[in-house]
Amino acid sequence: EELYVTRSGDGVKTKAVVSWLPSPDAFVTQYELEYRYVLTTGFISEWFVLPRTTDTYLEIEDAIPAAYQIRVYAINKFGVYSVPS
């Protein structure tokens with residue numbers, strides 16, 4: 001979790017920085033991260049899908065104070081998704 005200042009004048013916001021180990025599979029070329037948040041009231045959001053990346057980290061900007069559930073899929077060069085981690 002990090003704080004950052006916006007250029008739009010919205011002030012200071014929070015972002016969550018997520019990282020994972022690279023897949024040992026030589027055919028994996030991309031990753032796709034999904035997340036949802038769980039509020040203390042018991043509300044669970046829908047899954048949010050972030051754009052595919054070749055990196056092993058992503059940032060979730062404008063993070064709200066909540067518990068987060070995160071899953072990452074490895075995608076091979078044929079477009080086949082792994083089981084999520």
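What percentage of the 85 residues of the chain count as buried? I looked this up to start, and 29% of the residues count as buried. Buried means under 20% relative accessible area, exposed means over 50%, and partly exposed is in between, with a 1.4 Å probe and protein chains only.

**Entry 1: ground rules**

I noted that this is a predicted model, where local features need pLDDT of at least 70, side-chain atom pairs count only at pLDDT 80 or more, and totals for chains, interfaces and linings use all residues. Residues are numbered from 1 along each chain as its sequence is written, and side-chain values use heavy atoms, with hydrogens and water left out.

**Entry 2: the whole chain**

I found 0 helices and 6 strands, and the pattern along the sequence reads β-β-β-β-β-β. Helices (H or I, at least four residues) and strands (E, at least two) are DSSP runs, numbered from the N terminus. The C-alpha trace spans about 40 × 35 × 20 Å along its principal axes.

I then looked up the accessible surface, which comes to about 6000 Å², and 55% of that belongs to carbon and sulfur atoms. Such areas come from the Shrake-Rupley method with a 1.4 Å probe, and for residues only the protein chains shown count as cover.

I also checked contacts (heavy atoms within 4.5 Å). Of those with a separation of 6 or more, 54% are between residues 24 or more positions apart.

**Entry 3: Tyr-81**

Where does Tyr-81 sit? I found Tyr-81 in the segment after strand 6, which covers 67–76. Tyr-81 has a relative accessible area of 36%, so I wrote it down as partly exposed.

Leaving out residues up to four places away in sequence, Tyr-81 touches Glu-32, Arg-52, Tyr-73, Ala-74 and Ile-75. With two of these I looked for polar contacts. A polar contact is a pair of N or O atoms within 3.5 Å; within protein, one must be able to donate a hydrogen and the other to accept it, and residues adjacent in sequence count only if both atoms are side-chain atoms. The side chain of Tyr-81 makes one with the side chain of Glu-32 at 3.1 Å, and another, of 2.8 Å, joins the side chains of Tyr-81 and Arg-52.

I also compared Tyr-81 with Gln-30: they are 51 residues apart in sequence, and their C-alpha atoms are 9.5 Å apart in space.

**Entry 4: Lys-15**

Is Lys-15 buried or exposed? I noted Lys-15 as buried because its relative accessibility is 12%. Lys-15 belongs to strand 2, residues 12–19, and its side chain makes a polar contact of 3.2 Å with the side chain of Glu-59.

**Entry 5: aromatic rings**

How many aromatic pairs does the structure hold? I found 8. Rings of Phe, Tyr and Trp (its six-membered ring) pair if their centres lie within 6.5 Å; planes under 30 degrees apart count as stacked, over 60 as edge-to-face and the rest as tilted.

Trp-20 and Tyr-31 form an edge-to-face pair, 5.6 Å centre to centre with 65 degrees between the planes. This pair links distant parts of the chain, 11 residues apart: Trp-20 is in the loop between strand 2 and strand 3 (28–38), and Tyr-31 is in strand 3. Both Trp-20 and Tyr-31 are buried.

Tyr-35 and Tyr-68 form a tilted pair, with 5.9 Å between centres and 40 degrees between planes. Tyr-35 is in strand 3 and Tyr-68 in strand 6, 33 residues apart. I noted Tyr-35 as buried, at 12% relative accessible area, and Tyr-68 as partly exposed, at 25%.
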